[in-house]
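Visitor: I am new to this structure. Could you walk me through how to read it?
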Amino acid sequence: MKVLKFGGSSVGSPNRIRGIIEILKNNYASGDHFTVVFSAFGGVTDSLLQMGRLASDGDDSYGEIFNAFTQRHQDAIAELIPAGELREETASKMRQSHEVLKNLLYGIFLVREASLRSMDYVLSFGERSSAYIISQTLNAAGVPTEYLDARKVINTNREFGNARVDFEKTYARIRDFYGEHPKAQIVTGFIASSKGGLTTTLGRGGSDYTASLLAAGLKADAVEIWTDVNGVLTADPRRVKKAFTIPTMTYAEAMEMSHFGAKVIYPPTLLPVMQRKVPLYIKNTFNPGFEGTRISDESSLLDGTAVKGISSINGVALLTLSGSGLFGVPGISARLFESLASAGINVILITQGSSEHAISFAVKPEMANRAARKVSEAFEFEIERGIVDPVKTENDLSVVAIIGEDMRYQPGISGRLFQALGKNGVNAVAIAQGSSELNISVVINRENENKALNALHEAFFLSDVKELHLFVVGVGLIGGTLIEQIKEQNPYLIEKKGLEIKVVGMANSRKMLFDEEGIELDNWKDRLETSEVQSDLPIFIGRMRDLNLSNTIFVDNTADDKVTSFYEAILDESISISTPNKIATSSSYLQYQRLKKIADRRGVQFLYETNVGAGLPVISTLRDLMDSGDRILKIEGVLSGSLSYIFNNFVEGRSFYQVVEEARDLGFTEPDPRIDLSGKDVKRKILILSRESGVELESDDIKIDGFLPESVLMADSIEAVFSALESEADHFENLRLEAAKENKVLRMIASLEGEVASVGLQAVGADHPFYNLSGSDNMIVFTTARYKERPLVVRGPGAGAEVTAAGVFAEIITIGNSLS
């Protein structure tokens, strides 16, 4: 014998009911013995509740809803049952039944009262109508069935609205009834009867309970709960998009999942089947071929999935009773929880440290004030004496939990949980774990609930693929190139490195665009251009914070000091930063240190490798030298790709003006080339390297030996700059000739020796490492205690969107790997 149950969404329309008929015909054709429980048609229970409420308020508009209710069922009969005697019989029976409901509602309207007892009777018409119509439909389809009103077999007390089942009487009635009725029974879910035949209900979602009771009473081979999802999922799919079906789980695991809000399982459903060890299957009416979830007493340790699911309770209050008066005193816990029980307050979670100094417990937010008052009354004497502190209440919290009966057999589960939360800046307010290790519960700030669920789901179920969420400001030359690189490389990263990079937000100076699921990178330019959201940096940062996604990275591809002013707040939200923007790291030493310390404190990364050498590993090499114990003696560098290109190409036969103009046209310089030629950008870079090497320098401590004539420096427009460069051709040619006389070439060199840093144009000979530079190459020479005779050299392109974007991309991957 198999018991099947179909919920309201499964019977929401005649078309859906036809799908169920096919499922049942297949069961019948295969020779299975079965009985089927049905909920009311989708939305009908809510309609019945509304009718009762309106009638009790004296509002005769309940009649309009009643007419729609009766018409819906008559329409279903006409669609499902072919014209003939059976259809007429069914329609007539429904009219009679609904006439009783009409009179009942009119009585409620007259007395202006709808008691729980009356409403149980009103609500029963939903399941009685659906089950009877479907039973007749099955008969018309050639599957012999009988309609069974569950009030005949399920016996309860008189707690109307949520009655308690008398299991002994119910099981006996089920056995007796089914022994006398061999046909497949089509049963009303949700409803039962008490002594005297009064109609009761089993609570919202009670149709599952009905099926479980029937399965237990019949000692069925299995019970199948058919709903609109593919079984029990690893997490709530509305919050965790990558949640997937759990193939098998134990009764205890399912019970924990239901306690923490898994809507697919009605908690009382599990008790009867668990006691009789009847396997329970959760299946999808709209995907009948899918296996779904099997719930039984069989452990699944062998499949290696110690954690079966991740769930949460959205919105709790945490109350704490603490003080020296609790230590070593017997009966404290009993007094505490008796005071709560006497007030009818349910405790969701309890935690107590071994010091016995404090007991914390979570309750529903609406119960918090009453709970605090009751506990304060129970410990009034101790609080007045000052040996127990006043009850502390913390609001706006949630509970997240990982669940699995086999967690106790696998070490490291707790460590992985807290690492996943910590890496995403989610602080644990309280922790609870029973000795059975069936679940580990963590109380967190409510605003972090979604982030925590996704971080934990990724840690325990998607450890092979980590999802990074990027918010990119600046999508011009460097930013746009970065996005194209991500688009091209994402398939490889997913397959080979287990990283999936999603650009969730992007902004330029005019528009900004967000998509929590990830912006489609094939047409990102068009989407950004047509976005109706005007660019606003504080709003962009606020949206990134409010989305609160796990593994968030902020990428600043601008040279804007307004963006860097938000770095502190971004890092403080436990969001990592990667940027080629040099403004923050070359600002005051105090601010530089502050940003690094905030990042360390929050456990996130603040990466700026591209500040110095575009995609070259300059800062990382310097850090590696220092971390390994080497001592920096001297740093020399051609640190500007723009200036490198200019002086590498400033040769006999070419004017300085022509080379600078060419460099601008190739995108190597800023539109105003003085930004590069002045050496200020190089100064920032050697300042950053100085700080990274441990020297506490400010910008004013570094002197620039400039080579630009006054006429160039004072030009009032870009056109005037180039005009001045052209007119000062002799000045620049003389510099070149002076160097050439000694067989030397000109290079703009930054250096740090000891605690002295400088920037200036120098002539270097063939014996110098910088002599043979070409193109836009940068070169950095590290002279250290270990690399003294033959210094360590880093050389490569120091300018260009491709290499700079590649450097930022590498940092994004570094951050992603650090989140493991």
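Guide: Start with pairing. Two strands pair if DSSP finds at least two bridges between them. Keep in mind that this is a predicted model.

Visitor: In what order do the strands of the 6-stranded open sheet stand?

Guide: Strands of a sheet pair through backbone hydrogen bonds, either parallel or antiparallel. Here, 6 strands form an open sheet in the order E20-E19-E18-E21-E22-E23, and their pairing is mixed. Strand E20 (512-514) and strand E23 (606-607) are the edge strands, each pairing on one side only.

Visitor: How many bridges join E21 to E22, and which way do the two strands run?

Guide: Strand E21 (residues 552-556) and strand E22 (residues 576-578) run parallel, joined by 3 bridges.

Visitor: Which strands does helix H17 lie across?

Guide: Helix H17 (residues 537-547) lies across strand E18 (466-473), strand E19 (499-507), E20 and E21. H17 runs at about 165° to E18.

Visitor: What is the strand order in the open sheet of 8 strands?

Guide: Read the order as E3-E5-E2-E1-E8-E10-E11-E9, again with mixed pairing. Strand E3 (145-148) and strand E9 (248-250) stand at the edges with a single partner strand each, so one side of each has no neighbour in the sheet. On average, neighbouring strands of this sheet are turned by 20° against each other, direction ignored.

Visitor: In which sense do E1 and E8 pair, parallel or antiparallel?

Guide: Strand E1 (residues 2-6) pairs with strand E8 (residues 222-227) in the parallel sense, over 5 bridges. Lysine 2 stands opposite alanine 222 in E8.

Visitor: Which strands do helices H5 and H8 touch?

Guide: Take each in turn. Helix H5 (residues 116-140) packs on the sheet and touches strand E2 (34-38), E3 and strand E5 (184-188). The direction of H5 makes about 170° with that of E3. Helix H8 (residues 251-259) also packs on the sheet, touching E9 and strand E11 (293-296). The direction of H8 makes about 90° with that of E9.

Visitor: At what angle do the axes of H8 and H9 cross?

Guide: The axes of H8 and helix H9 (residues 267-276) cross at roughly 165° and come within 9 Å. Angles over 145 degrees count as roughly antiparallel. H8 and H9 are therefore roughly antiparallel to each other. Their crossing is left-handed. Tyr251, Ala254, Met255 and Ser258 of H8 make the contact with Pro267, Leu270, Leu271, Val273 and Met274 of H9. By class, that contact has 8 nonpolar, 1 polar and no charged residues.

Visitor: And how do H2 and H5 cross, left-handed or right-handed?

Guide: The crossing of H2 and H5 is right-handed. The axes of helix H2 (residues 44-56) and H5 come within 9 Å, at roughly 150°. H2 and H5 are therefore roughly antiparallel too. Residues in this contact include Leu48 of H2 and Phe125 of H5. The contact divides into 7 nonpolar, 3 polar and 1 charged.

Visitor: Is isoleucine 780 buried or exposed?

Guide: Isoleucine 780 is buried, with a relative accessible area of 0%. This residue is found in strand E28 (residues 777-784). Beyond its neighbours within four places in sequence, isoleucine 780 is in contact with Val618, Ile635, Glu636, Gly637, Leu639, Leu792, Val793 and Val794.

How values were computed: Residues are numbered from 1 along each chain as its sequence is written. This is a predicted model: local features need pLDDT of at least 70, side-chain atom pairs count only at pLDDT 80 or more; totals for chains, interfaces and linings use all residues. Side-chain values use heavy atoms; hydrogens and water are left out. Helices (H or I, at least four residues) and strands (E, at least two) are DSSP runs, numbered from the N terminus. Axes are lines fitted to C-alpha atoms, for helices over the stretch in contact, and angles run from 0 to 180 degrees between N-to-C directions. Contact means heavy atoms within 4.5 Å. Angles under 35 degrees count as roughly parallel, over 145 as roughly antiparallel, 65 to 115 as roughly perpendicular and the rest as oblique. A crossing is left-handed if the near helix is turned anticlockwise from the far one by less than a right angle, and right-handed if clockwise. Ala, Val, Leu, Ile, Met, Phe, Trp, Tyr, Cys and Pro count as nonpolar, Asp, Glu, Lys and Arg as charged, and the others, Gly among them, as polar. Buried means under 20% relative accessible area, exposed over 50%, partly exposed in between (1.4 Å probe, protein chains only).
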